[in-house]
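I opened my notebook to look up a few things in this structure. Here is what I was working from.

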Amino acid sequence: LRILQKIQRPKVVVFTGGLEAGAFSGLVGSIVVSPVEMVKCTMQTSGRSFGSSRECLLYLLRSEGISGLYRGMFSTVVREIPSIAGQFAAYEYLKSAFLRYSGSERLSVPQVSVAGGLAGMLCWFVSYPQDIIKTRLQLDPTYKRRSRLDGGFSSCINDIYQRDGWKGFFRGLTPCLIRAYLANAIGFYIYEEVKSTIRKEQ
C-alpha cells in the first residue's frame, strides 16, 4: 500500500485499500458470522423454546453436526465480501472527500456520521438480496439437498424470483437502510474516536 501511494493519487489508494481490506475481512469474518446467524435464525423461527444461545448451538450440533452450523455459508460469503468491501471503500472515499473539501486534518462529528451512515447504507444495499437468500437457506435445509454445489443458492434464487419477482429480493430494504445509517453513523464515530485516542497514547 505504501508503494502504491507513491505512484497513485491518494484518493485512488484510499478507495482501493478500503475495498481490498473490506473484501478480505468479509471473507474471513464469514467463518464466524455464518454459525452465529444460524443460531440466531433458529432461535427466532424454529418454534422451539431455547433457554440460551448455547442450548440452541448444542441442539444444532446434535441434530445436524458441524455442517448444520454452516448451512448457508456460501450465501454468507457472497453477502459479506461485497458488503464489507463496499462499506469500507465508501467510508474511506467519503472521508477523504470531506477532508479535501474542508481543508482540515480531522473530520467533524457530522462529517464522520454522514460518511459512516452512507457507507452503512451502501453496505446493505449491495448485500440485501444475498441476505434474503441466506436467511431462507438457513431456515430450510431442503435447499442444500437440491443443489449441493452452491448449498442451494441458485435454487433459492429461482424460487424467490418465481414467487415474488425482483421485488422479493428487496422486501424490507427501507427499514434496513434506516437502521444501517443510524448504526454506522454512530459506529464509525466511535471507531474514529477510539483510533484517535490510541494514537495519542502512542
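What percentage of the 202 residues of the protein count as buried? I looked it up, and the figure is 38%. I noted alongside it that this is a predicted model.

**Entry: overall make-up.** I went through the secondary structure and found 10 helices and 0 strands. Reading along the sequence, I wrote the pattern down as α-α-α-α-α-α-α-α-α-α. Next I checked the contacts between residues at least 6 apart in sequence, and 71% of them join residues at least 24 apart. I also noted an accessible surface of about 12,100 Å², with 62% of that belonging to carbon and sulfur atoms.

Entry: I then turned to helix H6, residues 109-125, and helix H10, residues 173-201. Their axes lie 6 Å apart, and the two helices pack at an angle of about 135°. For the handedness of the H6 and H10 crossing, I have right-handed.

**Entry: who meets whom.** On the H6 side of the contact I listed residues including Val109, Val112, Gly116, Gly117, Gly120, Met121, Trp124 and Phe125. On the H10 side, my list includes Leu173, Cys176, Arg179, Ala180, Tyr181, Asn184, Phe188 and Glu192. Arg179 and Glu192, both in H10, are the charged kind.

Notes
Residues are numbered from 1 along each chain as its sequence is written. This is a predicted model: local features need pLDDT of at least 70, side-chain atom pairs count only at pLDDT 80 or more; totals for chains, interfaces and linings use all residues. Side-chain values use heavy atoms; hydrogens and water are left out. Axes are lines fitted to C-alpha atoms, for helices over the stretch in contact, and angles run from 0 to 180 degrees between N-to-C directions. Helices (H or I, at least four residues) and strands (E, at least two) are DSSP runs, numbered from the N terminus. A crossing is left-handed if the near helix is turned anticlockwise from the far one by less than a right angle, and right-handed if clockwise. Contact means heavy atoms within 4.5 Å. Buried means under 20% relative accessible area, exposed over 50%, partly exposed in between (1.4 Å probe, protein chains only). Accessible areas come from the Shrake-Rupley method with a 1.4 Å probe; for residues, only the protein chains shown count as cover.
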